[in-house]
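Please look through the sequence and the model below before reading on. The report that follows takes up a pocket, a set of strands and a few single residues in turn.

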Amino acid sequence: FTYGLDLIEELCDEPGPVLDVGCGPGIFLEAARERGWKVSGIEFNEGCCERLSSLSIECFRHPIPSEENGLRDDYFQAVTAWDVLEHIAEPNLFLSHINQKMRPGGILLILVPNINGLALRLLREKSITFAGEAHLNFFNLDTLTRLLEHTGFKVEHGETILTEIGSINNYLNYEDPYSGPGETVMDFLTPELIHKNMLGSRLLVLSRKVSPTSK
């Protein structure tokens with residue numbers, strides 16, 4: 001979250017209103033508020049909403065397209081969606097609605113599983129990314145860029161995070177991939193090599209609102 005804020009602030013003139021979609025207990029919003037941001041979140045979990053209320057953080061309890069939220073158009077300086085977009089049935093519509101709520105030039109941060117990630121490619125059905133039915137969409141940098149451009153954004157920064165080298169080592173040692181850090185199998189497999197080739201297990205993308213989308 002701190003690293004994400006660093007990246008957002010590199011692209012913003014100054015802190016302003018920020019909305020975290022699927023904010024959970026509000027850890028990101030707490031960090032953002034400490035750095036001068038005016039924070040709000042969207043969250044459905046009642047326990048998380050109670051914690052947000054105890055922290056005096058504004059919490060909206062309806063999906064972003066809902067008029068019940070009362071979210072203002074052209075308002076937010078930044079919007080974040082950490083591990084959210086892969087769960088959305090209609091990501092095109094979702095991003096279009098986010099676009100409407102952002103001021104011109106606002107920054108959108110998205111974190112999603114990276115379908116090109118090395119751990120995902122090796123572990124396949126054993127990867128937790130493919131567990132159950134919760135993940136409806138899968139992206140790489142190219143497909144996410146096209147989706148963002150289609151909904152009025154321009155990608156300003158893209159990288160991968162989380163190497164899952166430990167999971168890879170465990171798998172190559174015929175062990176449960178998630179049983180611990182794992183004994184090294186290939187010395188050349190380093191975080192630098194993985195991220196240089198966009199092979200991390202999570203894709204972190206920041207984009208700027210460059211045009212509105214139709215309502």
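How many nonpolar, polar and charged residues does the lining of the largest pocket have?

## The model and its largest pocket

The structure is a predicted model, in which local features need pLDDT of at least 70 and side-chain atom pairs count only at pLDDT 80 or more, while totals for chains, interfaces and linings use all residues. Residues are numbered from 1 along each chain as its sequence is written, and side-chain values use heavy atoms, with hydrogens and water left out.

By class, the lining of the largest pocket has 11 nonpolar, 3 polar and 3 charged residues. Here Ala, Val, Leu, Ile, Met, Phe, Trp, Tyr, Cys and Pro count as nonpolar, Asp, Glu, Lys and Arg as charged, and the others, Gly among them, as polar. The volume of this pocket is about 350 Å³, and of the 17 residues that line it, Phe 44, Pro 63, Val 84, Ile 88 and Phe 94 are the closest to its centre. Helix H4 (residues 91–101) gives the most to the lining, with 3 residues. A pocket is an open set of points on a 1 Å grid over the protein atoms alone, where a 1.4 Å probe fits and protein lies on both sides within 12 Å along at least five of seven lines; lining residues have an atom within 4 Å of a point. Grid points are joined across faces, edges and corners, and the volume is the space filled by probe spheres set on the points.

## Strands E4 and E5 and their partners

Helices (H or I, at least four residues) and strands (E, at least two) are DSSP runs, numbered from the N terminus, and two strands pair if DSSP finds at least two bridges between them. Strand E4 (residues 76–82) and strand E5 (residues 102–113) pair in the parallel sense over 6 bridges. The chain crosses from E4 through H4 to E5, and this β-α-β crossover is right-handed, a term used if, with the strands pointing away from the viewer, the path from the first strand over the helix to the second runs clockwise. Along this pairing, Val 79 stands opposite Leu 108 in E5, and the bridge partner of Ala 78 in E5 is Ile 107.

Strand E1 (residues 17–21) also pairs with E4 in the parallel sense, over 3 bridges, with Leu 19 opposite Val 79. E5, in turn, pairs with strand E7 (residues 202–209) in the antiparallel sense over 7 bridges, and Leu 111 has Leu 204 in E7 as its bridge partner. Because 7 of the 7 residues of E4 are buried (under 20% relative accessible area, with a 1.4 Å probe and protein chains only), E4 is largely enclosed by the rest of the structure. E5 is mostly covered, with 9 of its 12 residues buried.

Ile 8, found in helix H1 (residues 2–11), counts as buried because its relative accessibility is 1%. Not counting residues up to four places away in sequence, Ile 8 touches Phe 28, Trp 37, Ala 78, Thr 80, Ile 107, Leu 109 and Leu 206, where contact means heavy atoms within 4.5 Å. Ser 127, in the loop between H5 and helix H6 (141–150), counts as buried at 2% relative accessibility, and its contacts, leaving aside neighbours within four places in sequence, are Leu 120 and Tyr 178.

Helix H7 (residues 165–172) is mostly covered, with 6 of its 8 residues buried, and these buried residues pack against helix H5 (118–123) and helix H8 (191–196). Just after H7, Tyr 174 takes a positive phi of about 65°.

Technical notes. Buried means under 20% relative accessible area, exposed over 50%, partly exposed in between (1.4 Å probe, protein chains only).
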